[in-house]
Amino acid sequence: MEHGHRFIEEFPEVGELIGRLLVKRELDEWYKKKCAEKLEVPIELNEIGNLKEIECRNMISPSADILIHLQDISGKEGFLLSQQINIKVSKLVPIYILDFSYSLRHNLINGPLEIVGTAESLEMIQGMNQINRIMTLKGYSELSHLYDFYDTVYEWDALPSITPFNRRLTLGDALFTDVLELC
């Protein structure tokens, strides 16, 4: 990622696709087909250490979620740590983004403490490294939350056929959510 440049300028093939899809509206039928496709979960993800379960949420959408549940870690006095890695995969372009969540339970805490953030535990860091290696081998590129996912793709005045729903259209909106409302 080069600072000072929009993602769609740095990767013109993605910019061209988004322009044809959202501005020119040439690809509505292609978009509907892509949204209906089922994402195949890479079998190699089963090699992730401390794996408990893999769940795929394959809705009719421009993206799918692969949820990687790691083995719970338990300790004294009812301590229980559950960890999950969410791989959000675009069906439109071979890109993905990772989210990490933790659920902490302990006898001294009333209810679970839910935390979403970065990979902080050894298991999460190792899982992230394995996922990145596997997804790269499958031809996917990881987006950065900080630099890519929230990057502005278009201002709303360039998209008269789409009803605005936030301040600007981001890369995450364009490639992971049904902004066209066709699915």
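The cover over the buried residues of helix H2 includes helix H1 (7-10), helix H3 (28-36), strand E8 (152-154), strand E9 (169-170) and helix H6 (171-176). Buried means under 20% relative accessible area, exposed over 50% and partly exposed in between, with a 1.4 Å probe and protein chains only. Helices (H or I, at least four residues) and strands (E, at least two) are DSSP runs, numbered from the N terminus. The model is a predicted one, in which local features need pLDDT of at least 70 and side-chain atom pairs count only at pLDDT 80 or more, while totals for chains, interfaces and linings use all residues. Residues are numbered from 1 along each chain as its sequence is written, and side-chain values use heavy atoms, with hydrogens and water left out.

Helix H2 spans residues 12-23, and its buried residues are Val14, Gly15, Leu17, Ile18, Gly19, Leu21 and Leu22. Arg25, which follows H2, has a positive phi, near 60 degrees.

Phe79 lies in the loop between strand E3 (73-74) and strand E4 (80-90). With a relative accessible area of 28%, Phe79 is partly exposed. Neighbours within four places in sequence aside, Phe79 is in contact (heavy atoms within 4.5 Å) with Ile73, Ser74, Leu104, Arg105 and His106. Between Phe79 and Lys24 there are 55 residues in sequence and 54 Å in space, C-alpha to C-alpha.

The protein chain holds six helices and nine strands. Of its 183 residues, 42% count as buried. The C-alpha atoms of the chain fill a box of roughly 60 × 35 × 35 Å, taken along the principal axes.
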